[in-house]
Amino acid sequence: METEELNIMLNLTRRDMDVLNILWESDEPKTATMISKAGDGLTMNTTQAVLRKLLKNNLIEIADIVYSGTVLTRSYKSVICQEEFLLQKLVYQYKSMGKKVSKAAILAIFLDSEEDPERLDKDLQEIEEFIKEYRKRLSGN
């Protein structure tokens with residue numbers, strides 16, 4: 001994702017995030033009407049304004065033209081999944097700190113915050129496997 005797009009992600013409003021969350025939680029594209037009904041306090045005007053902004057910033061796309069009753073309308077879907085969005089945002093914030101915090105310190109904080117011992121063990125196994133594979137890639141094997 002481009003730096004400009006990351007800046008856009010970091011400047012999203014609460015309503016922008018509400019609409020993105022509705023799209024992320026859905027298995028299928030949603031129309032503006034469906035989004036405004038699913039959102040707490042989202043009016044149709046607000047929903048349409050947010051959709052235009054998210055479209056302009058390439059965070060969503062028109063998935064299809066569908067019937068809503070007897071009227072043709074656009075349906076929308078997210079271009080980026082929630083996990084990728086959050087990871088890109090985290091990386092951008094890390095870089096914007098001037099890398100003053102080590103990756104090891106960040107990892108330690110995340111691991112220390114895990115309260116479920118089984119989940120922690122699984123995370124540690126995944127990290128160990130990732131490090132092994134990463135070292136192989138670096139050495140060219």
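**Fold and helix packing of the protein chain**

From the N terminus on, the elements of the protein chain run α-α-β-α-α-β-β-α-α-α. That comes to seven helices and three strands, taken as DSSP runs numbered from the N terminus (helices: H or I, at least four residues; strands: E, at least two). This is a predicted model: local features need pLDDT of at least 70, side-chain atom pairs count only at pLDDT 80 or more, and totals for chains, interfaces and linings use all residues. Residues are numbered from 1 along each chain as its sequence is written, and side-chain values use heavy atoms, with hydrogens and water left out.

**Overall shape**
- The C-alpha trace spans about 60 × 35 × 35 Å along its principal axes.

**Burial**
- Of the 141 residues, 25% count as buried, meaning under 20% relative accessible area (1.4 Å probe, protein chains only).

**H2 against H4**
- The axes of H2 (residues 14-25) and H4 (residues 44-56) come within 10 Å and cross at roughly 85 degrees. The axes are lines fitted to C-alpha atoms over the stretch in contact, with angles from 0 to 180 degrees between N-to-C directions.
- That makes H2 roughly perpendicular to H4 (65 to 115 degrees).
- H2 contributes Arg15, Asp16, Val19 and Leu20 to the contact, and H4 contributes Thr46, Val50, Leu51, Lys53 and Leu54. Contact means heavy atoms within 4.5 Å.

Note on methods:
Parallel < 35°, antiparallel > 145°, perpendicular 65-115°, else oblique. Buried < 20%, exposed > 50% of the residue type's maximum accessible area, 1.4 Å probe, protein only.
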